[in-house]
Amino acid sequence: MSYFCKNVIFFILVQAIAITLLIDSSSCEFNKGHHDDINKLSPWLITWHLHVVNGLSNGRILLVQCKSKDDDLGIHNLTADTEFTWKFKPNFYRGTLFWCYMAHSNFHAAFDAFRENDDFFQECNYGDCIWTAKDDGIYLRNGKFDKLTYGWEQGRLW
């Protein structure tokens with residue numbers, strides 16, 4: 001069989017699988033996130049949105065620095081009830097990881113804001129990771145609720 005014929009058969013097969021997945025997912029309950037069910041099968045194909053929100057009381061300013069292996073997103077001073085956001089597509093061939101450092105008053109926290117694993121994809125509703133800094137720690141929005149994920153440590157790293 002020629003190379004061209006193999007490629008045509010492969011293309012038809014991929015299209016048939018995609019149509020089957022779309023038909024199967026159309027009978028599923030509507031996904032409440034802004035991504036449909038098919039993205040749960042391919043989280044590397046969607047655009048991810050990460051949010052860091054200052055939910056601290058008494059108008060305290062939150063210092064935030066987030067970065068990956070390839071990108072430093074800079075230092076941001078967030079006033080109360082504001083957020084810093086960015087979006088990206090994960091690198092399919094090597095693991096995408098974003099980590100953040102946050103500090104306020106005499107407290108700090110450092111954590112992975114995005115990592116490639118199925119549990120994390122689900123916690124972020126397959127597309128939106130919303131991290132909120134509150135007085136008692138860092139929360140990750142899980143559906144309708146914020147889940148305390150990291151506590152503050154005493155002192156500042158820098």
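Select strand β6 (residues 107-115) together with β10: the two run antiparallel and are joined by 2 bridges, where strands are DSSP runs of E with at least two residues, numbered from the N terminus, and two strands count as paired if DSSP finds at least two bridges between them. Within this pairing, phenylalanine 107 has glutamine 154 of β10 as its bridge partner. The model is a predicted one, in which local features need pLDDT of at least 70 and side-chain atom pairs count only at pLDDT 80 or more, while totals for chains, interfaces and linings use all residues. Residues are numbered from 1 along each chain as its sequence is written, and side-chain values use heavy atoms, with hydrogens and water left out.

Now widen the selection to the open sheet, whose 5 strands follow the order β3-β2-β5-β6-β10 with antiparallel pairing. At its edges stand β3 (72-78) and β10 (153-154), each with a single partner strand, so one side of each has no neighbour in the sheet.

Next, show the aromatic side chains, among which the structure holds 8 aromatic pairs; rings of Phe, Tyr and Trp (its six-membered ring) pair if their centres lie within 6.5 Å, and planes under 30 degrees apart count as stacked, over 60 as edge-to-face and the rest as tilted. Pick tryptophan 86 and phenylalanine 98, a tilted pair at 5.5 Å centre to centre with 55 degrees between the planes. Because tryptophan 86 belongs to strand β4 (residues 83-88) and phenylalanine 98 to strand β5 (residues 97-104), the pair ties together parts that are 12 residues apart in sequence. Both tryptophan 86 and phenylalanine 98 are buried, a term that means under 20% relative accessible area, with exposed being over 50% and partly exposed in between (1.4 Å probe, protein chains only).

Move on to tryptophan 131 and tyrosine 150, another tilted pair, with 5.9 Å centre to centre and 35 degrees between the planes. Here strand β7 (residues 128-134) supplies tryptophan 131 and strand β9 (residues 145-150) supplies tyrosine 150, 19 residues apart. Tryptophan 131 is buried at a relative accessible area of 1%, whereas tyrosine 150 is partly exposed at 24%.

Finally, centre the view on valine 52 in strand β1 (residues 48-54), which is buried with a relative accessible area of 0%. Its contacts (heavy atoms within 4.5 Å), not counting residues up to four places away in sequence, include Leu62, Cys100, Trp86 and Trp131.

Terms used. Helix = DSSP H or I, 4+ residues; strand = E, 2+ residues; numbered from the N terminus.
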